[in-house]
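This briefing concerns helix packing, a sheet and nonpolar cores. Please consult the structure shown below alongside the text.

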Amino acid sequence: MSASQHRFFATCAPGLEPWLAKECEQLGRSARALEGGVEFRCSLEEACALAWSTRLAEAVRLRLRSFVARDFPALERGLAGLPMHAYLRPEVPIRIEVVSHRSRLWHSDAIADRWKQQLSRQLKFTPNFDPVASDNPDAVEQRLYLRLTGDAVQPSVDFSGERLHRRGQRRAVAPASLRETLASGLLAMLDELSPDPTQLWDPFAGAGTIALEWLARRGGQLAGANRRLTAESWPVLRAFDGAAMRESLAALRQPSAAAAWVSDKDRRAMAACQTNLEAAQLTADCTCLLEDFESAAVKIPPGCAIVTNPPYGIRLEARAERDALLARFERLLEKRRDLRPALFVLGGPLPRLRLPWKELTRTRNGGLPVTIYALTAPSNGEPVSESSER
């Protein structure tokens with residue numbers, strides 16, 4: 001095993017960077033939150049362990065040595081010094097993606113061409129820069145990244161491969177389903193509001209993504225148990241046994257008690273939810289209720305935390321309809337104060353509500369800007385606020 005330390009960047013949904021940094025800390029890696037993700041240092045093997053374990057990251061990249069380039073000759077010299085033979089294989093097509101901000105070198109195609117020329121001279125094989133499915137983000141290919149900010153150049157290599165939110169368990173989807181990584185971000189926020197909760201209710205469950213992530217986390221499942229990373233095929237890791245490490249990581253995880261309730265009045269959404277729970281072998285700890293959240297609430301035991309993604313956007317015909325739904329949801333919480341804390345995702349501005357909702361962060365769900373709000377349990381005798389916290 002290699003003990004060399006490398007720089008990595010793990011990407012995440014915007015607004016989730018602090019929670020991803022905290023997750024990395026829990027996984028034994030000190031991480032620094034930056035825009036769009038976190039940066040950390042570790043060995044290649046340790047980065048594999050993190051990529052299989054993280055539930056918030058979308059991708060992991062190996063950051064290569066950065067350099068300064070004010071013109072194309074300087075760019076070519078910097079690229080020539082990168083040890084690309086350690087990461088690229090002859091049978092895997094190569095795709096280069098360039099981003100340039102405030103740089104004198106602004107033509108992305110010309111920049112990419114310089115790297116292609118360097119790779120063609122440097123590698124002991126003829127690289128293929130014309131992947132058949134080059135527009136497919138999940139195609140089998142090696143992705144190289146070049147980010148220019150002013151005169152600074154940061155090259156990177158894709159480490160993780162297929163997007164990490166794909167656990168291989170969610171077989172069916174419902175309209176506007178949350179990504180698994182965003183669902184886990186909500187659950188990380190719940191952990192801060194209510195340490196070690198054991199019961200959860202999603203009253204607008206859809207395909208059940210939140211409950212799936214909740215039960216998988218509590219059950220000790222490894223997020224990437226069925227995933228093979230791009231880095232596993234790198235020449236520099238040819239002696240690395242990834243399957244054995246996955247098995248070891250899975251064996252170290254300890255399950256904890258958990259119970260979930262999911263409800264939705266949409267029959268197709270509930271069918272998708274049940275399909276996903278069965279595929280993940282999580283049906284034993286989850287109760288599915290095909291009914292409106294108000295009628296389902298009477299079956300939810302005290303002490304349940306609520307984490308949900310209520311309808312918004314194209315799922316409701318008008319903002320007034322969305323606001324009326326949220327008002328009904330809030331009236332339920334006023335009656336069932338034993339169900340707090342509560343978190344929900346909302347597209348558009350928060351309507352005037354009675355309870356003191358707190359904005360935790362802003363992010364995106366399926367390209368739509370959304371905000372995550374939380375309501376914690378009030379202290380004894382605390383009055384209900386007449387306006388929401390903005």
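Helices α2 and α7 are oblique to each other, because their angle of about 55 degrees is neither under 35 (roughly parallel), over 145 (roughly antiparallel) nor 65 to 115 degrees (roughly perpendicular). The model is predicted: local features need pLDDT of at least 70 and side-chain atom pairs pLDDT 80 or more, whereas totals for chains, interfaces and linings use all residues. Residues are numbered from 1 along each chain as its sequence is written, and side-chain values use heavy atoms, without hydrogens and water.

**Helix pair**
- The axes of α2 (residues 44–53) and α7 (residues 242–252) lie 10 Å apart; helices are DSSP runs (H or I) of at least four residues, and strands (E) of at least two.
- Contact (heavy atoms within 4.5 Å) involves residues including Trp52 of α2 and Arg246 of α7.

**Sheet**
- Seven strands form an open sheet with mixed pairing, in the order β11-β10-β9-β12-β13-β15-β14; pairing requires at least two DSSP bridges.
- The edge strands, β11 (286–289) and β14 (358–365), each pair on one side only.
- Strands β9 (residues 199–202) and β10 (residues 259–263) pair in the parallel sense over four bridges, with Leu200 opposite Ala260 of β10.

**Nonpolar cores**
- The largest nonpolar core has 91 residues, and Met84 and Phe159 have the most contacts inside it; a core joins buried (under 20% relative accessible area, 1.4 Å probe, protein chains only) Ala, Val, Leu, Ile, Met, Phe, Trp, Tyr and Cys residues through side-chain atoms within 4.5 Å.
- Another core, of 25 residues, lies apart from it and includes Trp261 and Phe329.

Definitions and conventions: Buried means under 20% relative accessible area, exposed over 50%, partly exposed in between (1.4 Å probe, protein chains only). Axes are lines fitted to C-alpha atoms, for helices over the stretch in contact, and angles run from 0 to 180 degrees between N-to-C directions.
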